[in-house]
Every structure is written in C-alpha cells, then in structure tokens.
Amino acid sequence: MAAELVEAKNMVMSFRVSDLQMLLGFVGRSKSGLKHELVTRALQLVQFDCSPEVFKKIKELYETRYNKKGSDVAQPPAGAPHRAEPLPLHASYERGSAVPRTLPNTNIDYPALYGKYLNGLGRLPPKVAKPEVRLVKLPFYTTLDELLKPTELVPQNNEKLQESPCIFALTPRQVELIRNSRELQPGVKSVQVVLRICYTDTSSPQEDQYPPNIAVKVNHSYCSVPGYYPSNKPGVEPKRPCRPINLTHLMYLSAATNRITVTWGNYGKSYSVGLYLVRQMTSAELLQRLKTIGIKHPELCKALVKEKLRLDPDSEIATTGVRVSLICPLVKMRLSVPCRAETCAHLQCFDAVFYLQMNEKKPTWMCPVCDKPAPYDQLIIDGLLSKILTECEDADEIEYLVDGSWCPIRAEKERSCSPQCPILVLGSSDVNGLLGTPNGTGENGKAPADVVDLTLDSSSSEEDEEEDEEEDDDDEGPQPKRRCSYEKGLVSAC
C-alpha cells in the first residue's frame, strides 16, 4: 500500500463524528450510524474509491480540525475564481439526510493534484459515472442555468411526511437577468427560478410529477403549487397539472443565501428535484419561432399528397382523392396557420395559433385530429395548404387529387322550387273523393279518390281550420257545422 494511502487513512482515523459525516455526505454516502460505523465506511472509501476530490476533502477536513494550513494544499491555477467570489453552484443531496451541499466550481486541475498526493494512482481507470435523472424539455421554458441537478429526495426516517431542505445562492449575473427581464404579467418576470420534480428514473427523460402532500417553502413563505383540475365524472380522480413551480417572487435577489424546503409524502415511490433558471416563453413567441423554422415547402407537401394517394397494388380499392377541411377542428373557424405534427399520418390540419394557446393554459400536446402526441418540436406549417387558403376564399373544403392538384368543394345551392310532394291515395278508385280534379271528374268520368298531402304539417292544417272558422263567423247568422260522410274504410285527412 502506498504511503499516501496510509496517510489518508491516518487522517480519517483522527476525524470526529462531524468530520466523518461531512466526508461521507460529500460523496453521497449514508452518514447515519455510530462513530465506528462511520470510520469503517470512510476507510473503505479511501481504500477502494479515493478520487482526487475525496483526497482533497480529507486534507481540508484534517487541516480544519487542527487549525493549520499545510503548504501541500494545491492552489487554484492562475485565472481561476477565488472561493469568496460568487460562483455557479452545484449541489448534491447527502444520502440519508436529503440535505444538499453547495460545491463551488473552483476549476482546480484535479489530475495534477491527484498525481501529487497519490503518486501516480491517478492513472487508475476512471470511475464509471452513474446515469442521471433527466427531465423532458418544456417548449414554454428555455433553460438558462442549472442551479441544482435532479437529485433524489431521500427520507430521513420512517415517517410518512418528510422534509428536504436545499440551500443555494444566485450569482450577480443571474440576479441581473431576473431583474432586467420583462414582465409577463404584473409581478411575474419572464426569467424565473423554477423547481421541477419528477420520478427518479434514469431510463428516459421524465415528465414533471409531484409527490403526494407536496408543499414548497421558500425562505419564510410557502409557495403556491398548482391545484387539481375538477372532475365531473363519478369515480374519476381529479388530475393535477404538474408543471414547474415559480419561486422567483419569494427569493432574495441578491448574494444572500436562499433556503428551500420541500415537504413530501413518503409512500414508496422515489422522486427527484431540480432547480433551474429559465426564461418563460409565450404562445405568440412560440408561434413566431414556428413560422421561422417550421414551414414545410409547398412542393414537399404536394409530394406527400401524391404519396398518400398512390395506388396500392395490394388494395382492391383505388383512392382518387382525399378531402381536407379548411375549418379548424379545435375552434370550428377557418384556418389561419394550418399546422400538424410531422408524425401524423393524416393531411388534415389544425390552427397553430389556437393549438399553442390551449397548450399554454393546459399542456397536453395531443393532436385534435388523430388524438396522438403532437409535441412542439414535431409541428410543421403546411405550406401547400397555406397557399390554398389564400387562393380559395369561398369554400370550406377542398379535395386533393392523385396528381397533387386540388379543387374546391362548394356547398350545393338550394333548389329554387320545392320538391314534388308525395301523395298517398286512400281508398279505392271507385270511392267518391272529397278533392276533385280541375275538371271535377276522375278517370272514366268517376269522382277522384281522396288524397292527402303529406308535406303539410299539423300546424298548417290547424291554421287553415282557424281561417275557415273566422270566415264562418263573418257570415250572418249561425252556420250549421259541416259534416263529411265517409265510406267505411276511409281515413280523414285532417
């Protein structure tokens, strides 16, 4: 064993409990237990996983313990920022306590330091980095700085309700970015410090997901967390919109330290939290960006139409055209910016203006035509349909043809004359009818049969009866009621 390792072990053996806890917390290992357990963990760390950072930390703790500063402590290279200056902060939670430590990025040449202290052991294979939790990118948030990488919330005990504190400070540059940003609405800056929470899962980028009983306290005040959407369906639990939590209005916009405490329910699932400095975008800004980089050339759209209508040799049905509505399925209004996802299989578009506005209020990013995911980075503006909308203003629907051309489909105009009324003949032809022909006789000189116009409704019949009654009232003297004798088997038309 090298003499340097023996020296490191000797320094560890002289540590107090607080020093051992700081060392173990520095590398993310559990710092709970009795002193002899902590010493055992620290010695195993030195023996099997002593990196340059770990050795430097041991030296710092040892020198602090005995109030001396040895000449062997590596100084930052020329040009590196001083520790007293505000620096970008990188924080990690201590396993077992969920308390993050803030580590300034001092830009120290660790390979040189490692070779200096451990005499060549720095040539050992580097430690394999563990996969990190990643959060999905949000279209309405542009990340400017990562203040705290996604870090697991570790319960401190067996209680259901846990608290995890985090301490950090902003740099002067970050403070200026916040102060100089425009206001989206009174009291809400476009540059914000946001807290994001998700499941601890490294297999894929994670969406925001709140733990049960979440509460966020910034310094001395609680921050509002989005509530649940009301559910009108019986037996369906209300959903909660999980989105970044804006902490800016409760923070100290100075070099002062900010303290954030996350209260959460420990019910078996593991969660991670991260802090970010972001710029919040509006739907109008996303629309402008889409118009700048997301327009698909009309010729490419025309080629897609031909591809959709190309004859399939395995199909017995030949498609000669496909209809596309010029009305947005979201708001039932004429399209202004025809848009769809690149992954959608249909040619029907929706309006990008209303789609972005709806997702700004309640982000779902689902296509209103096929009900499949349509994320922002997959959206395209249909250049061909945009051109058609300017050329075809008197139709609400068009039809694409097999050669890529199109024709408008206009609604048929109403006929000027009413359609022929169906006539129902009641009774036999030799029965005396109530309605005669213009010459008063039917076929073979006989009276025509009774006929009923089925197009007349009951209201018109009642109106005719009322008119007849009014005419009768105008005549002098009482008039006897009219009676119509019908042969058996006939039905009154009234």
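Predicted model: local features only at pLDDT ≥ 70, side-chain atom pairs only at ≥ 80, totals over all residues.
**Nonpolar cores**

The largest nonpolar core comprises 43 residues, of which Leu379, Leu385, Ile398 and Tyr400 touch the most other members. Helix H10, spanning residues 383–391, gives the most to this core, with four residues. Another core lies apart from it and has 27 residues, including Leu153, Leu170, Tyr210 and Val218. Beyond residues up to four places away in sequence, Tyr400 touches a set of residues that includes Val305, Leu309, Val322, Leu347, Leu384, Ile388 and Trp406.

**Asp382**

Asp382 is placed in strand E17 (residues 379–382). Asp382 counts as buried because its relative accessible area is 3%, under the 20% limit. Its side chain makes a polar contact of 2.5 Å with the side chain of Arg340. Leaving aside neighbours within four places in sequence, Asp382 is also in contact with Lys296, Cys301, Pro338 and Cys349.

**Aromatic rings**

The model holds five aromatic pairs. Two of them share Trp365:

| Pair | Geometry | Centre to centre | Angle between planes |
|---|---|---|---|
| Phe140 and Trp365 | tilted | 5.9 Å | 35° |
| Trp365 and Tyr376 | edge-to-face | 6.3 Å | 65° |

Phe140 lies in the loop between helix H5 (110–118) and strand E3 (141–152), and Trp365 in the loop between helix H9 (352–361) and E17, 225 residues apart. Trp365 and Tyr376 both lie in the loop between H9 and E17, 11 residues apart. Phe140 is buried at 8% relative accessible area, Trp365 is buried at 12%, and Tyr376 is buried at 11%. Ring pairs join Phe140, Trp365 and Tyr376 with Phe350 and Tyr355 in a cluster.

Technical notes:
Residues numbered from 1 in each chain as written. Heavy atoms only, no water. Core = buried A, V, L, I, M, F, W, Y, C linked by side-chain atoms within 4.5 Å. Buried < 20%, exposed > 50% of the residue type's maximum accessible area, 1.4 Å probe, protein only. Helix = DSSP H or I, 4+ residues; strand = E, 2+ residues; numbered from the N terminus. Contact = heavy atoms within 4.5 Å. Polar contact = N/O pair within 3.5 Å; in protein donor to acceptor, adjacent residues only side chain to side chain. Phe/Tyr/Trp six-rings, centres within 6.5 Å; stacked < 30°, edge-to-face > 60°.
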